[in-house]
Amino acid sequence: MLKIENLPVLPQVAMRITERMQSPTATIEEVSSLIKTDIGLTSKILRLANSSYYSIPGGVTDVHKALQYLGFNTVAQLVLTSSVFGSFKTQGSREFPLKSFWTHSFAVGLFSEITARSLQHKNPSDSFVGGLMHDMGKLILMELMPDQLSKIVKTAQENHSSFIDAEKTLQLTNHAELGVELAKHWHLPANVTSSIEFHHQLDHPEASIVAWANLWVNTQKIGHSGNSGEYPEDLEPGFATKIGISAAQRGKIIEHFNKEFEKAGAILSGS
Ligand SMILES: [Fe+2]
Ligand SMILES: [Fe+2]
(Lines give C-alpha, C1' and ligand atoms only; values in the text may rest on other atoms or scores of the structure.)
(Ligands and ions follow the chains in the order given, each with its own letter.)
Protein backbone atom coordinates (compact mmCIF):
# COMPACT_ATOMS: atom_id res chain seq x y z
CA MET A 1 0.00 0.00 0.00
CA LEU A 2 1.19 3.48 -0.83
CA LYS A 3 1.87 5.63 2.20
CA ILE A 4 1.99 9.34 1.42
CA GLU A 5 4.25 10.05 4.38
CA ASN A 6 6.90 7.81 2.78
CA LEU A 7 7.12 10.05 -0.28
CA PRO A 8 10.21 12.23 -0.53
CA VAL A 9 10.18 15.94 0.13
CA LEU A 10 11.11 18.46 -2.57
CA PRO A 11 13.93 20.63 -1.19
CA GLN A 12 12.65 24.06 -0.16
CA VAL A 13 15.62 25.80 -1.74
CA ALA A 14 14.65 24.33 -5.15
CA MET A 15 11.06 25.53 -4.78
CA ARG A 16 12.20 29.02 -3.76
CA ILE A 17 14.73 29.32 -6.59
CA THR A 18 12.21 28.13 -9.19
CA GLU A 19 9.56 30.54 -7.85
CA ARG A 20 11.94 33.51 -7.89
CA MET A 21 13.19 32.70 -11.38
CA GLN A 22 9.63 32.87 -12.70
CA SER A 23 9.14 36.31 -11.23
CA PRO A 24 9.75 39.33 -13.48
CA THR A 25 11.40 41.16 -10.57
CA ALA A 26 14.04 38.49 -9.85
CA THR A 27 17.62 39.65 -10.23
CA ILE A 28 20.74 37.63 -11.04
CA GLU A 29 22.25 38.72 -7.69
CA GLU A 30 19.27 37.42 -5.73
CA VAL A 31 19.04 34.09 -7.56
CA SER A 32 22.79 33.46 -7.45
CA SER A 33 22.90 34.03 -3.69
CA LEU A 34 20.02 31.56 -3.26
CA ILE A 35 21.85 28.98 -5.39
CA LYS A 36 25.07 29.47 -3.40
CA THR A 37 23.26 28.18 -0.28
CA ASP A 38 23.25 24.74 -1.94
CA ILE A 39 26.68 23.27 -2.65
CA GLY A 40 25.34 20.47 -4.85
CA LEU A 41 23.42 22.87 -7.09
CA THR A 42 26.35 25.28 -7.27
CA SER A 43 28.67 22.59 -8.56
CA LYS A 44 26.10 21.32 -11.10
CA ILE A 45 25.56 24.82 -12.49
CA LEU A 46 29.29 25.41 -12.80
CA ARG A 47 29.73 22.04 -14.51
CA LEU A 48 27.01 22.93 -17.03
CA ALA A 49 28.49 26.38 -17.69
CA ASN A 50 31.90 24.79 -18.27
CA SER A 51 30.56 22.07 -20.57
CA SER A 52 31.73 22.03 -24.17
CA TYR A 53 28.37 23.29 -25.47
CA TYR A 54 28.93 26.76 -24.04
CA SER A 55 32.72 26.92 -24.47
CA ILE A 56 33.03 30.12 -22.45
CA PRO A 57 36.55 31.54 -22.85
CA GLY A 58 38.58 31.06 -19.68
CA GLY A 59 35.81 28.99 -18.05
CA VAL A 60 33.48 30.02 -15.22
CA THR A 61 34.18 29.63 -11.51
CA ASP A 62 31.38 31.71 -10.09
CA VAL A 63 27.58 31.20 -10.07
CA HIS A 64 26.81 34.84 -10.86
CA LYS A 65 28.80 34.70 -14.10
CA ALA A 66 27.38 31.25 -14.94
CA LEU A 67 23.84 32.65 -14.69
CA GLN A 68 24.69 35.42 -17.13
CA TYR A 69 25.87 32.87 -19.69
CA LEU A 70 23.30 30.13 -19.14
CA GLY A 71 20.25 32.36 -18.68
CA PHE A 72 17.52 32.09 -16.05
CA ASN A 73 15.50 29.56 -17.96
CA THR A 74 18.24 26.94 -18.35
CA VAL A 75 19.26 27.34 -14.71
CA ALA A 76 15.63 26.95 -13.55
CA GLN A 77 15.37 23.73 -15.59
CA LEU A 78 18.59 22.41 -14.08
CA VAL A 79 17.61 23.28 -10.52
CA LEU A 80 14.22 21.64 -10.78
CA THR A 81 15.32 18.55 -12.71
CA SER A 82 18.17 17.73 -10.36
CA SER A 83 16.07 18.47 -7.25
CA VAL A 84 13.14 16.33 -8.34
CA PHE A 85 15.28 13.34 -9.22
CA GLY A 86 17.73 13.92 -6.40
CA SER A 87 14.93 13.74 -3.83
CA PHE A 88 14.40 10.03 -4.57
CA LYS A 89 16.79 7.42 -3.21
CA THR A 90 16.18 4.80 -5.90
CA GLN A 91 18.82 4.01 -8.51
CA GLY A 92 16.33 2.24 -10.79
CA SER A 93 16.66 -1.33 -11.92
CA ARG A 94 17.88 -3.36 -14.89
CA GLU A 95 14.49 -3.33 -16.58
CA PHE A 96 13.78 0.29 -15.60
CA PRO A 97 17.08 2.24 -15.64
CA LEU A 98 16.76 5.58 -13.89
CA LYS A 99 18.96 7.38 -16.41
CA SER A 100 16.70 6.46 -19.34
CA PHE A 101 13.62 7.43 -17.37
CA TRP A 102 15.21 10.73 -16.51
CA THR A 103 16.01 11.36 -20.19
CA HIS A 104 12.38 10.58 -21.12
CA SER A 105 11.01 12.95 -18.44
CA PHE A 106 13.38 15.80 -19.25
CA ALA A 107 12.69 15.47 -22.99
CA VAL A 108 8.92 15.64 -22.40
CA GLY A 109 9.44 18.72 -20.17
CA LEU A 110 11.57 20.49 -22.74
CA PHE A 111 9.29 19.62 -25.66
CA SER A 112 6.24 20.82 -23.67
CA GLU A 113 7.90 24.13 -22.82
CA ILE A 114 8.96 24.79 -26.42
CA THR A 115 5.41 23.97 -27.59
CA ALA A 116 3.81 26.25 -24.97
CA ARG A 117 6.14 29.05 -26.03
CA SER A 118 5.31 28.50 -29.68
CA LEU A 119 1.59 28.69 -28.83
CA GLN A 120 2.32 31.88 -26.86
CA HIS A 121 1.12 30.53 -23.53
CA LYS A 122 1.57 32.87 -20.57
CA ASN A 123 3.68 30.53 -18.39
CA PRO A 124 5.64 28.11 -20.58
CA SER A 125 7.78 27.08 -17.60
CA ASP A 126 4.67 25.49 -16.04
CA SER A 127 4.55 23.24 -19.09
CA PHE A 128 8.19 22.30 -18.43
CA VAL A 129 7.33 21.31 -14.85
CA GLY A 130 4.21 19.40 -15.97
CA GLY A 131 6.19 17.56 -18.65
CA LEU A 132 9.12 16.83 -16.36
CA MET A 133 6.80 15.39 -13.72
CA HIS A 134 4.13 13.71 -15.88
CA ASP A 135 5.36 10.16 -15.13
CA MET A 136 6.40 10.73 -11.50
CA GLY A 137 3.97 7.99 -10.47
CA LYS A 138 6.50 5.54 -11.97
CA LEU A 139 9.23 6.98 -9.75
CA ILE A 140 6.99 6.44 -6.72
CA LEU A 141 6.59 2.81 -7.76
CA MET A 142 10.34 2.49 -8.21
CA GLU A 143 10.98 3.91 -4.77
CA LEU A 144 8.20 2.30 -2.74
CA MET A 145 6.94 -0.71 -4.74
CA PRO A 146 9.80 -1.90 -6.97
CA ASP A 147 8.35 -5.42 -7.40
CA GLN A 148 5.12 -3.98 -8.73
CA LEU A 149 7.08 -1.79 -11.17
CA SER A 150 9.03 -4.83 -12.47
CA LYS A 151 5.81 -6.74 -12.96
CA ILE A 152 4.28 -3.90 -15.01
CA VAL A 153 7.39 -3.47 -17.18
CA LYS A 154 7.60 -7.24 -17.82
CA THR A 155 3.88 -7.44 -18.68
CA ALA A 156 4.32 -4.54 -21.14
CA GLN A 157 7.29 -6.34 -22.74
CA GLU A 158 5.43 -9.64 -23.05
CA ASN A 159 2.32 -8.02 -24.51
CA HIS A 160 4.19 -5.41 -26.61
CA SER A 161 1.99 -2.85 -24.92
CA SER A 162 2.33 0.53 -23.31
CA PHE A 163 3.05 0.88 -19.58
CA ILE A 164 -0.48 2.14 -18.87
CA ASP A 165 -2.10 -0.77 -20.74
CA ALA A 166 0.02 -3.18 -18.68
CA GLU A 167 -1.25 -1.45 -15.52
CA LYS A 168 -4.82 -1.98 -16.81
CA THR A 169 -4.13 -5.66 -17.57
CA LEU A 170 -2.83 -6.15 -14.03
CA GLN A 171 -5.73 -4.09 -12.62
CA LEU A 172 -3.43 -1.73 -10.74
CA THR A 173 -3.81 1.93 -9.84
CA ASN A 174 -2.31 3.80 -12.77
CA HIS A 175 0.81 5.94 -12.52
CA ALA A 176 -1.07 9.13 -13.40
CA GLU A 177 -3.16 8.78 -10.24
CA LEU A 178 -0.04 8.05 -8.16
CA GLY A 179 1.63 11.13 -9.65
CA VAL A 180 -1.29 13.29 -8.54
CA GLU A 181 -0.69 12.17 -4.94
CA LEU A 182 2.90 13.36 -5.22
CA ALA A 183 1.82 16.66 -6.83
CA LYS A 184 -0.52 17.30 -3.89
CA HIS A 185 2.18 16.34 -1.40
CA TRP A 186 4.54 18.85 -3.04
CA HIS A 187 1.80 21.53 -3.34
CA LEU A 188 2.37 21.91 -7.06
CA PRO A 189 0.14 24.38 -8.97
CA ALA A 190 -3.22 23.10 -10.26
CA ASN A 191 -2.21 23.26 -13.94
CA VAL A 192 0.87 21.10 -13.27
CA THR A 193 -1.27 18.59 -11.37
CA SER A 194 -3.72 18.44 -14.31
CA SER A 195 -0.86 17.75 -16.74
CA ILE A 196 0.13 14.77 -14.60
CA GLU A 197 -3.41 13.51 -14.10
CA PHE A 198 -4.55 13.65 -17.73
CA HIS A 199 -1.36 13.02 -19.72
CA HIS A 200 -2.76 9.78 -21.14
CA GLN A 201 -6.10 11.32 -22.10
CA LEU A 202 -5.24 12.69 -25.50
CA ASP A 203 -8.48 14.63 -25.77
CA HIS A 204 -8.24 16.37 -22.39
CA PRO A 205 -7.77 20.13 -22.97
CA GLU A 206 -5.81 20.72 -19.74
CA ALA A 207 -3.09 18.26 -20.63
CA SER A 208 -2.93 18.39 -24.43
CA ILE A 209 0.58 19.87 -24.64
CA VAL A 210 2.15 17.35 -22.26
CA ALA A 211 0.15 14.50 -23.84
CA TRP A 212 1.45 15.45 -27.30
CA ALA A 213 5.03 15.88 -26.02
CA ASN A 214 4.88 12.45 -24.37
CA LEU A 215 3.57 10.89 -27.56
CA TRP A 216 6.29 12.51 -29.67
CA VAL A 217 9.10 11.55 -27.27
CA ASN A 218 7.80 7.96 -27.08
CA THR A 219 7.48 7.73 -30.86
CA GLN A 220 11.09 8.99 -31.23
CA LYS A 221 12.23 6.57 -28.49
CA ILE A 222 14.14 9.26 -26.56
CA GLY A 223 14.97 7.70 -23.19
CA HIS A 224 12.70 4.99 -21.81
CA SER A 225 9.76 4.93 -19.42
CA GLY A 226 8.71 1.30 -19.44
CA ASN A 227 6.69 1.37 -22.67
CA SER A 228 6.91 -1.55 -25.07
CA GLY A 229 4.08 -0.54 -27.38
CA GLU A 230 4.45 0.56 -31.00
CA TYR A 231 2.61 3.67 -32.12
CA PRO A 232 0.98 3.95 -35.55
CA GLU A 233 3.03 6.36 -37.68
CA ASP A 234 0.25 8.88 -38.18
CA LEU A 235 -0.92 8.99 -34.53
CA GLU A 236 1.44 11.72 -33.30
CA PRO A 237 1.23 14.12 -36.31
CA GLY A 238 -2.54 13.56 -36.36
CA PHE A 239 -2.79 14.51 -32.71
CA ALA A 240 -0.71 17.66 -33.31
CA THR A 241 -3.19 18.77 -35.99
CA LYS A 242 -6.08 18.03 -33.64
CA ILE A 243 -4.73 20.37 -30.97
CA GLY A 244 -4.19 23.19 -33.48
CA ILE A 245 -0.50 22.80 -34.36
CA SER A 246 0.14 23.23 -38.09
CA ALA A 247 2.66 21.07 -39.96
CA ALA A 248 5.03 24.06 -40.28
CA GLN A 249 4.76 24.88 -36.57
CA ARG A 250 5.34 21.21 -35.67
CA GLY A 251 8.50 21.20 -37.79
CA LYS A 252 9.83 24.32 -36.07
CA ILE A 253 9.08 22.93 -32.59
CA ILE A 254 10.96 19.70 -33.39
CA GLU A 255 13.91 21.63 -34.83
CA HIS A 256 14.07 23.89 -31.76
CA PHE A 257 13.81 20.85 -29.44
CA ASN A 258 16.68 19.03 -31.17
CA LYS A 259 18.92 22.07 -30.73
CA GLU A 260 18.03 22.59 -27.06
CA PHE A 261 18.17 18.90 -26.21
CA GLU A 262 21.77 18.71 -27.36
CA LYS A 263 22.65 21.47 -24.90
CA ALA A 264 20.76 19.58 -22.18
CA GLY A 265 23.23 16.70 -22.31
CA ALA A 266 25.20 18.35 -19.52
CA ILE A 267 22.07 18.73 -17.36
CA LEU A 268 21.33 15.04 -17.72
CA SER A 269 24.86 13.80 -17.17
CA GLY A 270 25.71 16.27 -14.42
CA SER A 271 23.02 15.29 -11.99
FE1 LIG B 1 2.64 8.11 -18.49
FE1 LIG C 1 5.84 9.44 -20.35
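**Helix packing and burial in a predicted model**

Q: Which residues of α6 meet which residues of α13?
A: From α6 it's His104, Ala107, Val108, Phe111, Ser112, Thr115 and Ala116, and from α13 their partners are Ile209, Val210, Trp212, Ala213, Asn214, Trp216 and Val217. By class, that contact has 10 nonpolar, four polar and no charged residues (Ala, Val, Leu, Ile, Met, Phe, Trp, Tyr, Cys and Pro are nonpolar; Asp, Glu, Lys and Arg are charged; the others, Gly among them, are polar). Contact means C-beta atoms, placed from the backbone, within 7 Å of each other. This is a predicted model, in which local features need pLDDT of at least 70 and side-chain atom pairs count only at pLDDT 80 or more, while totals for chains, interfaces and linings use all residues. Residues are numbered from 1 along each chain as its sequence is written, while chains are lettered from A and ligands numbered from 1 in the order in which they are written.

Q: What makes α6 oblique to α13?
A: The axes of α6 and α13 (residues 208–220) come within 8 Å and cross at roughly 130 degrees. That angle makes the pair oblique, because under 35 degrees is roughly parallel, over 145 roughly antiparallel, 65 to 115 roughly perpendicular, and the rest oblique. The helices themselves are DSSP runs (H or I, at least four residues) numbered from the N terminus.

Q: Why is α6 called oblique to α15 too?
A: The axes of α6 (residues 98–118) and α15 (residues 247–263) come within 10 Å and cross at roughly 135 degrees. By the cut-offs, that is oblique as well. The contact of α6 with α15 has seven nonpolar, four polar and two charged residues.

Q: How do you know that methionine 133 is buried or exposed?
A: Count the C-beta atoms around its own: methionine 133 has 26 of them inside 10 Å. Buried takes 20 or more, exposed is 12 or fewer, and partly exposed is in between, so methionine 133 counts as buried. Methionine 133 sits in α7 (residues 124–133). Apart from neighbours within four places in sequence, methionine 133 contacts Val84, Gly179, Ala183, Val192 and Ile196.

Q: Which residues join α7 to α12, and at what angle do the two pack?
A: α7 and α12 pack at about 35 degrees, with their axes 8 Å apart. Asp126, Val129, Gly130 and Met133 in α7 meet Asn191, Val192, Ser195 and Ile196 in α12.

Q: What makes the buried residues of α2 lie on one side or on several?
A: The buried residues of α2 (residues 28–36) are Val31, Ser32, Leu34 and Ile35. They cover an arc of only 155 degrees around the axis, so they're on the same side of α2. The arc is taken from the directions from the helix axis to the C-beta atoms. Exposed Glu29 and Ser33 are on the face turned away from that buried side. The buried residues pack against α1 (12–22), α3 (39–49) and α4 (63–70).

Q: How do you know whether glutamine 120 and histidine 187 are buried or exposed?
A: Glutamine 120 has 7 C-beta neighbours inside 10 Å, so it counts as exposed. Histidine 187 has 9 within 10 Å, so that residue is exposed too. Glutamine 120 lies in the loop between α6 and α7, and histidine 187 in the loop between α11 (175–185) and α12 (190–197).

How values were computed:
Axes fitted to C-alpha atoms, helices over the stretch in contact; angles between N-to-C directions.
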